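Below is what I looked up, entry by entry.

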Amino acid sequence: MSSELDRRIPAGLLILRFFLAIFLLQWSIEKLLLPDAAARIARNFYGVTLSAWQSYGLGIAELFLSLALLFGLYRTISYGLSLLVHTVTVIVSWRQLFDP
């Protein structure tokens, strides 16, 4: 690879990591501020019934994950879990993504 490309890859990965972390952070804050809405989303998209307390717990877990991703902590674990969360989200909502 060229040296210019070698310098651009880390910047591109940082941008991807930043925006995925912001995306997950937004969803975790929503789960904490609006647990009933998070429960409705879980029921409609994932077929899972969540109580308000479970929504809070999921929001806190997702908050820790998004902050770990944002700050590059526990990279193997945070990158893998973030990829898993984002992949599941895209899979269950693919119809809405293609036909909004």
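I started at Val 48, which sits in the loop between H2 and helix H3 (52-71). I took helices as DSSP runs (H or I, at least four residues), numbered from the N terminus. The model is predicted: local features need pLDDT of at least 70, side-chain atom pairs count only at pLDDT 80 or more, and totals for chains, interfaces and linings use all residues. Residues are numbered from 1 along each chain as its sequence is written, and side-chain values use heavy atoms, without hydrogens and water.

Val 48 has 39% relative accessibility, so it counts as partly exposed (buried is under 20% relative accessible area, exposed over 50%, partly exposed in between, with a 1.4 Å probe and protein chains only).

I then looked at H2. Its twelve residues should span 16 Å at 1.5 Å a residue, and its end C-alpha atoms are 15 Å apart, which agrees. I noted the rule: the expected span is 1.5 Å times one less than the number of residues. The buried residues of H2 are Pro 35, Ala 37, Ala 38, Ala 39 and Ala 42. Helix H1 (3-33) and H3 are among what covers them; contact means heavy atoms within 4.5 Å. Gly 47 follows H2, with a positive phi near 70°.

Last, I searched the whole structure for salt bridges (a side-chain nitrogen of Lys or Arg within 4 Å of a carboxyl oxygen of Asp or Glu). I found one. Glu 62 pairs with Lys 31, the closest N and O atoms being 2.8 Å apart. Glu 62 lies in helix H3 and Lys 31 in helix H1, 31 residues apart. Both Glu 62 and Lys 31 are buried.

Technical notes. Helices (H or I, at least four residues) and strands (E, at least two) are DSSP runs, numbered from the N terminus.
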